[in-house]
Amino acid sequence: MPNQKNQKMVEVLKDKIAQAKSLAIVDYSGTSANDQVKFRQAVADAGGEVLVTKNTLIDIAIGKGKLSQSLEGMNAVVFSNQDEVAAIKALFAFQKDSEKLTIKEGFMDDAVLSPAQVEALSKLPGKNELIAMLIRTLQAPATGMVNVLKANQRDLVYALKAIADKQAA
């Protein structure tokens, strides 16, 4: 009979998995306490969360056997709550700086992601970057139109200035 604490933790994990846009399993065995605090803060700043719990509870919450290959050793789960890639980007930025984390697998939309797929996910633009790109794309025709309408006035000013400079010389 499973104890009450483990049952509650599985329920918490299931809730967090349901809310998360994506997640990654990370081996944190080479990190110090200071590194873990910095890592958690970087992920939290990106709209994510880091949770450390028993591997068997993670396996039960996600679905028996889906991530069992990566659930060995000291693992943490990185949840990306606000954006599919924001917390994953923070994870890879921290891993690049410290080289103490090992990204094992990811999980998104009921699909298991390999470490290479998680890395590819981290290279995608985030939600805010995509919104900025969309706004730039939408503004481009209007900016071009303004430049076309101002061209005649600008050319007139250049012509008058050239005449003034010629008469002054």
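Predicted model: local features only at pLDDT ≥ 70, side-chain atom pairs only at ≥ 80, totals over all residues.

Trainee: In what order do the elements of the chain run from the N terminus on?

Mentor: Helices (H or I, at least four residues) and strands (E, at least two) are DSSP runs, numbered from the N terminus. The chain has six helices and five strands. Their order is α-β-α-β-α-β-α-β-β-α-α.

Trainee: What radius of gyration does the chain have?

Mentor: The radius is taken over C-alpha atoms, and the globule rule is 2.2 Å times the number of residues to the power 0.38. Along the principal axes, the C-alpha atoms fill a box of roughly 100 × 30 × 25 Å. A compact globule of 169 residues would come out near 15 Å, but this chain has 26 Å.

Trainee: How many residues of strand E1 are buried?

Mentor: Buried means under 20% relative accessible area, exposed over 50%, and partly exposed in between (1.4 Å probe, protein chains only). In a regular strand the side chains alternate between the two faces of the sheet. On one side of E1, Ser22, Ala24 and Val26 are buried, and on the other Leu23, Ile25 and Asp27 are too. E1 (residues 22-27) is therefore largely enclosed by the rest of the structure, with a buried count of six of the six.

Trainee: Which residue in E4 stands opposite isoleucine 25?

Mentor: Two strands pair if DSSP finds at least two bridges between them. E1 pairs with strand E3 (residues 75-80) in the antiparallel sense over six bridges, and there leucine 23 faces phenylalanine 79. E1 also pairs with strand E4 (residues 102-108), again antiparallel, over five bridges. In E4, the residue opposite isoleucine 25 is glutamate 105.

Trainee: What is the angle between the planes of phenylalanine 39 and phenylalanine 94?

Mentor: Rings of Phe, Tyr and Trp (its six-membered ring) pair if their centres lie within 6.5 Å; planes under 30 degrees apart count as stacked, over 60 as edge-to-face and the rest as tilted. A search of the whole structure finds one aromatic pair. Phenylalanine 39 and phenylalanine 94 form this tilted pair, 5.2 Å centre to centre, with a plane angle of 40°.

Terms used
Residues numbered from 1 in each chain as written. Heavy atoms only, no water.
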